[in-house]
Amino acid sequence: RVMNADRQLLFELDRALSVEVPGAKYAMRHRPGWDGRYHAFSPLSGIFPTGLSGMVRKLIPSIQIEDKRERPHVRPLSRDLLTKKLRDYQFQCLQAFFATDRGVLSGRGVVEVGVAGGKTALGLAIACHVPGKAVIIVNNRKDLFHQWREETKLLTGEEAAAIGDGGWDDRASQFGTKFVLVMPGTVGKDLKGFGMIVRDAKVVI
């Protein structure tokens, strides 16, 4: 949330953080007063998506931002939480993911690792450091869905509750189940109380 900014500055941010909606010209005739753009920033409240904080600071370095997000409780970082010890570069990624930004724990972000670099193991290691249920959204390919299921069992010793490919595991909405694997479009309202969401690459929702 942007704090203590004058009105003109707020509207400048609104313009900078808005994007044109494809095909908006056809919908504008039915929405009088709409400018055909998606506005990620609200000049009235000063609130914007957390992912844009870097852009906001870049646009206006002197701006004051109040961050009220709840931070996850994270266990001491370890490369030994899985049955296979994390490689050096994987552990460096883990450290970077949970690094502090301006003294505040991040605990969210995008992890980019090369092909066959062990993204599954890294995703599971990240989830293991945050108490509570971990919901893992796998992309639309069934083979990767089942690969995650097998790797979760191999690396953590736990049978993940799987939702997708025609199946629904009731353990997904129960306490005591750490990992829940889902395919896009199958995430329901029953999946509550999770501590971490891990999304595999190139998910189409």
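**The hairpin of β8 and β9**

Modeller: Strands β8 and β9 form a hairpin that leaves two residues between them, and D165 in this turn has a positive phi of about 55 degrees. Strands (E, at least two residues) and helices (H or I, at least four) are DSSP runs numbered from the N terminus. The model is predicted: local features require pLDDT of at least 70 and side-chain atom pairs pLDDT 80 or more, while totals for chains, interfaces and linings use all residues. Residues are numbered from 1 along each chain as its sequence is written, and side-chain values use heavy atoms, with hydrogens and water left out.

The pairing of β8 with β9 (residues 167-168) is antiparallel and runs over two bridges; two strands count as paired if DSSP finds at least two bridges between them. In β10, V182 is the bridge partner of I163.

In a regular strand, side chains alternate between the two faces of the sheet. In β8, A161 and I163 point one way, A162 and G164 point the other way, and all are buried. Buried means under 20% relative accessible area, exposed over 50%, and partly exposed in between (1.4 Å probe, protein chains only).

A nonpolar core is a set of buried Ala, Val, Leu, Ile, Met, Phe, Trp, Tyr and Cys residues joined through side-chain atoms within 4.5 Å. The largest such core has 28 residues, and L82, L94, L124, I136, W148 and F179 touch the most other members. α4 (88-97), α5 (119-128), β7 (133-137), α6 and β10 each supply at least two of its residues, and α5 gives the most, with seven. Leaving aside residues up to four places away in sequence, I136 touches L124, W148, F179, V180, L181, V182 and V198, where contact means heavy atoms within 4.5 Å. A second, separate core of 12 residues includes L9, L10, L17 and V56.

R149 forms a salt bridge with E159, the closest N and O atoms being 3.9 Å apart; the term requires a side-chain nitrogen of Lys or Arg within 4 Å of a carboxyl oxygen of Asp or Glu. Because R149 lies in helix α6 (residues 142-156) and E159 in the loop between α6 and β8 (161-164), the pair ties together parts that are 10 residues apart in sequence. R149 is partly exposed at 30% relative accessible area, as is E159 at 36%. Of the two salt bridges in the structure, the other joins R79 to D88 at 2.9 Å, N to O. Here R79 is partly exposed at 22%, whereas D88 is exposed at 52%.

For the chain as a whole, six helices and 11 strands are assigned, and buried residues make up 35% of its 205 residues.
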